[in-house]
Structure formats: C-alpha cells, structure tokens
Amino acid sequence: MSSYQILIVDDERPNLESLERILRSDGAAVEVFQDPQEALVRLRKGGIDILLTDLRMHPLNGLELLKAAKLADSSVEVILLTAFGTVELAVEAMKNGAYDFITKPLQRIQVLKSVHRALEKRRLVNENASLKEELKSHLGQPQRDLVGKSSALRAMMEIAGQAARSRANVLIEGESGTGKGVLAEYLHRAGDPAGHQGLFVKINCTAIPENLLEAELFGYEPGAFTGAVRRKKGRVELSQGGTLFLDEIGIAPLTLQAKLLRFLQDGEFERLGSNETLRVETRVISATNTDLKSAIRAGNFREDLFYRLNVVHLRVPALRERIEDIPLLAKKFLEESAKKNGRLVPLLHPDALEALQHYAWPGNIRELQNLMERAVVLNRTGVIEPSNLPSEIGGDQRQKSIVIPVGTPLRQVERLLMDETLRTTKGDKKLAAKLLGVHPRTIYRHLETTSDESYPEGKESPSLSDAVCENSSI
Ligand SMILES: Nc1ncnc2c1ncn2[C@@H]1O[C@H](COP(=O)(O)OP(=O)(O)OP(=O)(O)O)[C@@H](O)[C@H]1O
Ligand SMILES: [Mg+2]
C-alpha cells in the first residue's frame, strides 16, 4: 500500500498511541490530535486522505467533527471508533457520510482492513470523477451524442463532418448496434444546426410490413387501396428540405427499390392512387448491416440504386475496434441508467472496466448499454465488480493450469487436479466436482484418503513439488 495521509482524533492518549503505531507500520503519514477543534483546523488545510475519529469527545463529538470535516473537504473518508454505548451515534454518522466504523477494543487487522477499503473507495471516486470530467469536455463538442474519441471513430467522423456539410447521399454500413441510427441523426443536425430547413424523417424497412412500405414512403390518395380513407402524405414528402433516413435498406423489396431509384434520379414520385407527379428535394441517408455488395451479386439489390445511395460511404466501426471508447461509453450509460431508474451512479471497478475492454461485443454499443443498465439495476454495493458482470465478460479468462511432467502416474495426476481445483474453488467441494465433471463423493473420498495418508510435517503436498502451477494456459 503506497503512503497515505491519515489524521487520528481521540481524547484518550493510549488509544491514540496504539493507532498511531498500527498505521505508521502500514506506511501511513500519521498526524494525531487529542483536541477535535485542532484537528479541524488541520483538516481545513487539506491533503488528508482519511480521518479516523473517536465518537465521544469534547467540545466536538465525532459526529460534529465528521460534518465539519466533510464541509472542509468532501473527499475525506471518515472512519469512526465506537465503544459500547455509542452505536446509535455511529449509525447517525454513517447516514451523514462516514465510510465505516470500528468497534473498540481495536484490533490491528480490523483497523487496517477498514482503512485500506476506504483508500480503495477514494481511489475509485477520484478515477470516476476524472472520467466524468473527460466526458463533460467531450460532450461540449458539436457531435454531442456520438461519444468516443478513438482513432477509428475519429477517422470516420472526419468524413462524416464533410458529408454533413454537403447534401450528398450517404450510405452507412456497420454491424448491428454500432450506432448507425445515431450517426444518421448527427449528419442531419450537423448539416442544419439551426434546424431551419427540414425534418429528419425515418423509415425502417424491417419495422413496416412489405405491402405498406410503399404507401408509407410515397403516401396515398383516398381509395388507393382498402382502408385508404383519407389522403396521406408519405415520408418522402414530409422530408422536403431535410433528411430521409432509410434504415435497413438491405431488405427493401425489389419493387420498392425501382420506385426509390426513380425518386433518387429525378426527385419525382406519385402518391399511390394519384397521377399527379410530385417533386421533393431531400437528402437520403441509408443504413444497412448486411453487405449490399453480396446482395447485389445474389440479385436481391439493384446495383444502380446502390450507386445512387452510396455517394458517400461511412462504415461505423464495431465496438471491439474502438475499445478506447469503452470507458466513456460505459460511464455515460451508467449515468443514464441510474437517472432513469432513480438510482445512484455506481462506480465501475478498474478490473470490471478491464473485463469490458477484453470482451468482443457482438451486439456492440447496444449490448454495452443494456449491460450497464442491468448492472445499475442489480447493483447493491455501489461498485460494479467483475463478478457483477455476466461470466463470459467478468469471469477470469485466464484459466489456471498445471504443468504435469510426462510419465506422472495417472492416480497422481487425478489427485493433483483435484487439489488444484479445490484451491481454485477455495475449498468449495461441490463446485470443484462440477468443474471436474465428477460426483461430489469422489472429491470427499479424495480428501479422506489424502488426510489418511497425511503428508509428513513440513513436506508440501505433491501438487506443488512435482508440478508447476501457472496462471496462463500451458
Ligand atoms: N457513439 C455513441 N454514443 C452514445 N451512444 C451511442 C453511440 N452509438 C450508439 N449509441 C447507442 O447505442 C444504441 C444503438 O445505436 P443505434 O440504434 O444507432 O445502432 P444501429 O447501428 O442503428 O443498430 P441496428 O443495426 O440494430 O439498427 C442506441 O441506444 C444508441 O443511443
Ligand atoms: Mg438502427
């Protein structure tokens, strides 16, 4: 544990001295005070990581000192020393932001455990605060909703920025959940920041039944088909002067593709059931997560339409190609989910963050977003640890392994495996049996025989003397 600044306040000299000894031996820079008011003067000068204070003191009691200390420096973590009869005061203090309390008589191990945990929390809070700052400064940029600063994203955004200023049609390609929809909206907004020109009108080709797509897109006159009672403008018409976003264009039926092509070539179309030709000026952005080139080869997509749509091509990188953005995105989603669910924003433990950065994210940003929401809703401790993530993400990917010399008798190999598995499961016999695919009885029998044979004092079990244990695969 690196050095830290701790301030101890207790009006009883012997307590103060024993605490000072314990913490100095842990490498802390310690300052002790018998008078709480003097301690407060020192606290106000700053630089203190942890305040360790007794509860029953004069003229300030521990609760009053806590409140004043938090006012002086809200990042100081406060641990209380409680004795018989001060428990209620301790509970009150916890409600007022104390981190922990330790009961007297003091035990070295208990004191250090609590102090170390408080330091870890302080470190996490600081880390999250700087992440928040980073996020804030990023949010100040024009591309507000497109969180990220990875080189893959920046390269794409450079082209997107140019495209936004033009009226050229844009085809966005990218795996599911990468943010194609977000990018389309960004292009619209960036092209018309004041919002004076036209609307952003979206049509999702998978969300609308095939037979209604054409009517939705181009509109209709009364009597054009059964159920068409009133005239209805289509989305093409509504997007006049703005943006028409054709989402999932890859699955548009061929008949619709022909009509779209005509519109893209001449800007002309007719409402269903009408002979009147209408003209609309709009910019078309389309998105697909299927490969249009192979759809063309298979005869499912018109090549001429492809070239009309694909004036500017943008490929949104998969999340695994921009892992530098995961901290920012995760933080953003934790904050959003906490707000939505009326929870406090949990901290993301650095190990959990690392696990997130090592996962492949087949569902991309949407998967991360859902996972963060789940973590917020299920979280009880205020910190998201790797164990709170699904096992394929948070589980220790590095399988512990053992190296067994060729020629080792099989019986011994079995024992080695059982010993090492039990060590990994921290003695959980049922889990060890499950991992090894044997009945728990086998494990119990193994333990009985090893204790019968009991290795001579001082000699290690054969697991470590005959085999090499590693943390990586063989
Ligand atoms: N850069 C980003 N910053 C913040 N949130 C993002 C970003 N990109 C995507 N998201 C969020 O991720 C989710 C998925 O984004 P979006 O729906 O745009 O993806 P998509 O590529 O269109 O997916 P699909 O192919 O399934 O339609 C949305 O909830 C969106 O708000
Ligand atoms: Mg989409």
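1. Confidence overall. The chain has a mean pLDDT of 85, with 88% of its residues at 70 or more. The structure under review is a predicted model, and the points below should be read with that in mind.

2. The highest confidence in the chain belongs to strand β13 (residues 283-288), at a mean of 97, and the lowest to helix α20 (residues 462-466), at a mean of 38. Where pLDDT is low, predicted coordinates should not be read in detail.

3. Overall composition. The chain contains 20 helices and 18 strands. Of its 474 residues, 44% are buried. Among contacts in the chain with a separation of 6 or more, 69% are between residues 24 or more positions apart.

4. Packing of α8 and α10. Helix α8 (residues 210-218) packs with helix α10 (residues 254-266) at an angle of about 15°, and their axes are 10 Å apart. Because angles under 35 degrees count as roughly parallel, α8 is roughly parallel to α10. The crossing of the two helices is left-handed. On the α8 side the contact is made by Leu213, Glu214, Leu217 and Phe218, and on the α10 side by Leu256, Lys259, Leu260 and Phe263.

5. Aromatic cluster. Phe218 and Phe263, both part of the α8 and α10 contact, form one aromatic cluster together with Phe269. Across the whole structure, a search finds 6 aromatic pairs. One of them joins Phe263 and Phe269, whose ring centres lie 5.9 Å apart with 85° between the planes, an edge-to-face arrangement. Phe263 has a relative accessibility of 3% and therefore counts as buried. Phe269, at 2%, also counts as buried.

6. A further aromatic pair. The rings of Phe306 and Tyr307 have centres 5.3 Å apart, and their planes stand at 75°, so this pair is edge-to-face. The threshold for that class is an angle over 60 degrees. Phe306 has 4% relative accessibility, and therefore counts as buried.

Conventions:
Residues numbered from 1 in each chain as written. Chains lettered and ligands numbered in written order. Predicted model: local features only at pLDDT ≥ 70, side-chain atom pairs only at ≥ 80, totals over all residues. Heavy atoms only, no water. Phe/Tyr/Trp six-rings, centres within 6.5 Å; stacked < 30°, edge-to-face > 60°. Buried < 20%, exposed > 50% of the residue type's maximum accessible area, 1.4 Å probe, protein only. pLDDT = per-residue confidence, 0-100. Helix = DSSP H or I, 4+ residues; strand = E, 2+ residues; numbered from the N terminus. Axes fitted to C-alpha atoms, helices over the stretch in contact; angles between N-to-C directions. Parallel < 35°, antiparallel > 145°, perpendicular 65-115°, else oblique. Left-handed = near helix turned anticlockwise from the far one by under 90°. Contact = heavy atoms within 4.5 Å.
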